[in-house]
Amino acid sequence: MKNKIRLAIVGTGYFSQFHYDAWERLNVEVVAICSLNKNEALARSKQFKNCRVFIDFKTMINKTDANLVDIIVPPKNHLNFIKIAAESNVNIVCQKPFTNNLKEAKKAVKIAEKYGVTIAVHENFRYQPWYIKIDEILKSSLLGDLFQVSFRMRPGDGQGKDAYLNRQPYFQEMERFMIHETAIHIIDVFRFLFGNINCVFAKLSKLNNHIRGEDAGIVFFEFENGMRGLFDGNRLSDHVAFDRRLTIGEMLIEGSNGTLRLNGDGEIFYRKFSENKEKKIIYKWKNKGFAGDSVFYYQKHLLDYFVHDKELNNDAKDYIENLKIEDSIYKSDSCTRVIKIK
């Protein structure tokens with residue numbers, strides 16, 4: 001595995017396009033693609049040399065020499081596919097949301113440990129260039145002592161009976177939606193930038209009656225380092241941006257020496273404490289692929305791990321912490337009290 005990746009992929013839905021593009025640009029050998037939509041799989045297979053096409057996942061794993069599989073399907077099939085791959089000693093990259101719930105995620109980790117395989121969770125938000133730059137700024141202590149962070153999620157894609165149907169129609173049927181599917185990204189970003197979270201308090205709601213799960217809500221966070229955090233999400237409202245899916249919202253980080261602001265165009269501004277003018281922080285990033293080419297950079301990180309034995313971010317065992325926070329948010333909403341992360 002440390003010398004050559006032979007990759008199998010399952011899934012040809014909307015978001016898979018970014019995975020396929022990144023694997024192609026990274027010159028990874030894709031040996032097989034599996035999809036219930038055989039025509040889509042055939043179309044994708046043309047991007048790669050000698051790539052076989054399957055409509056059954058277990059058959060693909062058994063009939064190819066893959067040593068890594070990229071699972072890009074909705075969470076209902078994650079645990080089953082992970083078990084099949086692990087039993088054949090195939091390492092796994094699994095798209096988020098990682099399984100259906102915390103209980104299943106813990107089962108997936110036990111399966112990986114039993115068969116000695118690695119599960120990496122495809123969590124690419126921390127590889128978006130604005131968060132990489134913000135992390136660099138925070139490490140420079142420009143803001144002084146950190147007080148709080150807030151993120152206003154406003155993609156504006158959740159109104160009406162046709163919400164999400166043009167990209168990911170299964171969104172409409174998810175019982176746990178905004179937190180499980182989308183805010184989990186921000187939870188991971190918060191942990192990446194500010195460390196672990198002690199407790200949460202949440203109030204969630206459903207504004208669009210054409211879907212099953214929640215699509216709005218406010219969550220308060222207390223970090224281990226004493227910071228406070230706020231996630232304010234509403235999928236029906238939008239924000240100012242040329243592409244409202246680029247950052248999906250706006251972030252504000254406040255400290256004793258000043259404030260950082262991330263806008264919807266990926267621009268970062270710094271305002272020094274007691275001053276009224278902001279200074280734009282100039283940094284380079286590519287407007288390519290998904291959200292600053294974050295899928296490409298995450299998958300490059302995976303290659304660094306699997307091929308060059310470098311450290312792995314978001315292995316499944318570590319990602320469990322994100323799911324504990326997610327689960328605590330839903331518990332807090334149901335009982336209207338602060339929940340400590342255990």
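Two strands pair if DSSP finds at least two bridges between them. Strands (E, at least two residues) and helices (H or I, at least four) are DSSP runs, numbered from the N terminus. This is a predicted model: local features need pLDDT of at least 70, side-chain atom pairs count only at pLDDT 80 or more, and totals for chains, interfaces and linings use all residues. Residues are numbered from 1 along each chain as its sequence is written, and side-chain values use heavy atoms, without hydrogens and water.

**View A. Strands β1 and β4 run parallel.** Strand β1 covers residues 6–10 and β4 residues 68–71. 4 bridges join them. Leu-7 stands opposite Leu-68 in β4.

**View B. The open sheet has 6 strands.** Their order is β3-β2-β1-β4-β5-β6, with parallel pairing. β3 (52–54) and β6 (119–122) are the edge strands, each pairing on one side only.

**View C. Helix α1 (residues 16–25) lies across β1, β2 (29–34), β4, β5 (91–95) and β6.** The helix runs at about 165° to β1. Axes are lines fitted to C-alpha atoms, for helices over the stretch in contact (heavy atoms within 4.5 Å); angles run from 0 to 180 degrees between N-to-C directions.

**View D. The largest pocket is lined by 40 residues.** A pocket is an open set of points on a 1 Å grid over the protein atoms alone, where a 1.4 Å probe fits, with protein on both sides within 12 Å along at least five of seven lines; lining residues have an atom within 4 Å of a point. Closest to the centre are Gly-13, Ile-72, Val-73, Pro-74 and Tyr-170. Helix α7 (residues 178–194) gives the most to this lining, with 3 residues.
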